[in-house]
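Take a look at the model first, then read on.

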Amino acid sequence: MNFGFFGIQFSFGLQQSNMSAIYKYLGAEESEIPILWLAGPVTGLILQPIIGAISDGTWSPRFGRRKPFFLIGAICASVALLFMPYSPSIWIAASLLWILDAGNNIAMEPYRAFVSDILPKKQHSLGFLMQSFFTGLGTTLANFTPAILISIGFFALTDTMDNGIPVATYWAFFIGAFASIASILVSVYTTKEYPPTPEELAAIKAEKEHGNILTRTWKDIVTAFKEMPLTMKQLIPVKFFTWYAMFCYWQYLTSAMSLSFFGTLDTDTAGFKEAQVLTGQVNGSYNIVCFMVAFALVPLAYKIGAKGVHFFALILGGIGVFCIPYLSVTEVLFSIPNPFGSGATPIYTLYLATIGLGIAWASMLAMPYQLLAGSIPKEKTGVYMGIFNMFIVIPMIIQILTMQGFVYELLGSNPINVIKMAGVFLGLAAVFTLFIKVKRKNQVVQ
């Protein structure tokens, strides 16, 4: 059921680790990076609630309710991934990112509702954490792909295309295009959606008699906002600080590590190219932690609650991100023996940060949805999941506008300080988690 999430997140992983570097290879200035990431949050803001509302009112005996959206989104994302590395200019790369993010959002939003549709409430934690598992797996492979291609000798670090983008980056995007469409097809062809009950079919039919699809969709979104559950409202500050922080991290990690470890921001240097590959390895490592701990969070969530798990996870993530500039890419923490006898692989202190961030990432992708799923009406799952994801993209838009406008200068125009601020914001998100009230069995549990 959740295997398609692997491809969606492979696509997201490629852009998280490579888009800032691609923009810089094409001539973007450091201060211009945030605005060039605008595609993701804006397409999410517009598309997710709309797609969620439309999918709530969709049913086809042949194609189902959510699966058509998976397939359409995967096709759009795959096309954008194929063409991205060939971008001759910044504006073409930015345009392709808009298509890529639109495709990912069309596919991803119904996927959240897919879990609530098919699984009983007691299995929601397992369903969303399974998505965390495939998110971690897909993003891990996406982030490590360029480094793997280089390490096995297919390409050298200095092999570049005419536009300056490394050849290994192109092949990583090509592999991502295949993974995106192939994994979605697995879910589409192997998972059967349950048909609506006669009552639900009657409700869908009645809805269609009240205006066209745009009118009904707008009405559903407005009504959902007015009737928003308390738990959902209390999650707003948690989501704000979480996703402001993560956008800072994704945008500036390569530059921060290039400056901290190699003393340069010049894209023509080997140091910057090494930092781009290192970004993929760091992001891949925290995603390894994510899919390793995802299922361990299930019994923990049953024991101390999703709120408690999310609090401790965000604290660990904040500490990890804040410490990245203070760790080292040369100091060996320990070495892993090579079973084939060709020496040991060193594990550097930098990777300590990925432990906390990986635990936080697994929680971010599951616990808020677990907190939300029990408080919203089943027949409106799609539209509420779409609105809930607006609480991700609006902080991203605010981050872009404020970072571009004054925050970057306020932080000394230093990407290292941006990473430190991201760590602090994850800690603030953890604090706000403590104020959430969760309803269980008609009781309010603090």
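How much space lies in the second largest cavity? It's about 130 Å³. This is a predicted model, where local features need pLDDT of at least 70, side-chain atom pairs count only at pLDDT 80 or more, and totals for chains, interfaces and linings use all residues. Residues are numbered from 1 along each chain as its sequence is written, and side-chain values use heavy atoms, with hydrogens and water left out.

**Second largest cavity**
- A cavity here is a set of points on a 1 Å grid over the protein atoms alone where a 1.4 Å probe fits but cannot get out, and lining residues have an atom within 4 Å of a point.
- Its lining has 17 residues, with Pro146, Ile150, Thr169, Gln276 and Val277 nearest the centre.
- By class, that lining has nine nonpolar, six polar and two charged residues (Ala, Val, Leu, Ile, Met, Phe, Trp, Tyr, Cys and Pro are nonpolar; Asp, Glu, Lys and Arg charged; the others, Gly among them, polar).

**Largest cavity**
- About 360 Å³ of space sits in the largest cavity, a volume being the space filled by probe spheres set on the points, which are joined across faces, edges and corners.
- Of its 25 lining residues, Phe12, Met108, Trp243, Ile392 and Met396 lie nearest the centre.
- The lining splits into 14 nonpolar, eight polar and three charged residues.

**Helix packing**
- Helix H4 (residues 67-83) packs with H7 at about 170°, axes 8 Å apart (helices are DSSP runs of H or I, at least four residues, numbered from the N terminus; axes are lines fitted to C-alpha atoms over the stretch in contact, and angles run from 0 to 180 degrees between N-to-C directions).
- H4 and H7 are therefore roughly antiparallel, the word for angles over 145 degrees.

Conventions:
On a 1 Å grid over the protein atoms alone, a cavity is a set of points where a 1.4 Å probe fits but cannot get out, and a pocket is an open set with protein on both sides within 12 Å along at least five of seven lines; lining residues have an atom within 4 Å of a point. Helices (H or I, at least four residues) and strands (E, at least two) are DSSP runs, numbered from the N terminus. Angles under 35 degrees count as roughly parallel, over 145 as roughly antiparallel, 65 to 115 as roughly perpendicular and the rest as oblique.
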